[in-house]
Amino acid sequence: MKQFRMVGADAVAELDDEERLVVARIVADVALLLGADAFGEGYDDPAPERDDVDSLFEYLRGFEESIREPSDPAILRLLPNAAPTDREVANEFRRFTDGELRATKTKRLRRIWDQLSSDVTSRNSDEWIVPADELLATAAALTDIRLVLASRLELVSDDDADQLHLEIDLATQALESDDENAVPVDHERVWLGMLYQALTWLQGSLVDCMAGTSEETDV
Amino acid sequence: MDTQRDVDYGSSVATRTDDPWVTIVWNDPVNLMNYVTHVFQVHFGFTLEVATKHMREVHENGRSVLSTGPRETMEADVQAMHSYGLWATLQRSGE
């Protein structure tokens, strides 16, 4: 993996096939959390026959769910409470913004998924090219992914984030040294933590690209 | 940038009595300092200096008041912050 740098008007990072797969997968997972249809499926298949009444009920159910506060803390982090001290204001905000926010976030994730899943033959390198006018949207999508990972990793305070780095360093050392007395390693947590760190590093470089070009693009 | 509005009221965030609502952005362990600064510049039209000042307030004090005004405007600001993954809330000024 190589971080983003400006090449002409585009920001370009490099991800090998395995890294692409991992990032595309988490992109699709976050979109699923937001209620999107699964990415990469059903392109060729016609939609299954549906009863109109079923569709209506599904629509109504979706509406009902969308105005309630999400119970999954990761989704709540993507669509937070806008007024914790005033339930009426919070509910009204959610009712009017939930659908649009989900659509905006899903659209950005979909775009990354398309970029990363493009056919190998249609690209001749590991490059992930983000056009100049999509830098902020891409950075925002990377934030959403990191928010979900952070929620799963239970990162609540700045100290928790520091602690995660320490934890991963220790786990890496333990795995490398093969020391039987080393602390036990929670492999899933370390894997998620390393993905979180890699995306943090990638996003940081993308924002540096934006800041470097902001004089031309932001009026 | 779909949510960006062309209203520029960002140069002053002093609370006035005719601005009954405020938008607050809260600290979190995920958002990067350079990203938060950039989002403040793009959405509120702040200079780099003003955006950095607000980012530091969020990071060091846990929160910063980003805008003041009528409720509808604050709702639009909060929605924009949520679209960028920042944790923002609105409340009546002085609460």
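**Figure 1. Contacts within chain A of the predicted model.** Among the contacts in chain A with a separation of 6 or more, 73% join residues 24 or more positions apart; contact means heavy atoms within 4.5 Å. This is a predicted model, in which local features need pLDDT of at least 70 and side-chain atom pairs count only at pLDDT 80 or more, whereas totals for chains, interfaces and linings use all residues. Residues are numbered from 1 along each chain as its sequence is written, chains are lettered from A and ligands numbered from 1 in the order in which they are written, and side-chain values use heavy atoms, with hydrogens and water left out.

**Figure 2. Elements and surface of chain A.** Chain A holds seven helices and three strands, in the order β-β-α-α-α-α-β-α-α-α from the N terminus. Helices (H or I, at least four residues) and strands (E, at least two) are DSSP runs, numbered from the N terminus. Of its 219 residues, 41% count as buried, that is, under 20% relative accessible area, with exposed meaning over 50% and partly exposed in between (1.4 Å probe, protein chains only). The accessible surface of chain A is about 12900 Å², 51% of it belonging to carbon and sulfur atoms; accessible areas come from the Shrake-Rupley method with a 1.4 Å probe, and for residues only the protein chains shown count as cover.

**Figure 3. The loop at Glu154(A).** Glu154(A) lies in the loop between helix H5 (135–152) and helix H6 (158–177) of chain A. Its phi is positive, about 55°, although Glu154(A) is not a glycine. Most residues other than glycine have a negative phi. Glu154(A) is exposed, with a relative accessible area of 62%.

**Figure 4. The interface of chain B and chain A.** In this interface, 41 residues of chain A are in contact with 29 residues of chain B. The two chains bury about 2900 Å² between them, with 58% of this on carbon and sulfur atoms; buried area is the accessible area (1.4 Å probe) that two parts lose on being put together, summed over both.

**Figure 5. The salt bridge of Asp86(A) and Arg92(B).** Three salt bridges are counted between chain B and chain A, each a side-chain nitrogen of Lys or Arg within 4 Å of a carboxyl oxygen of Asp or Glu. One of them joins Asp86(A) to Arg92(B), whose closest N and O atoms are 3.3 Å apart. Helix H1 (33–44), helix H3 (71–83) and strand S3 (87–92) of chain B are the elements that give two or more residues to the side of chain B that touches chain A. H3(B) gives the most, with six residues.
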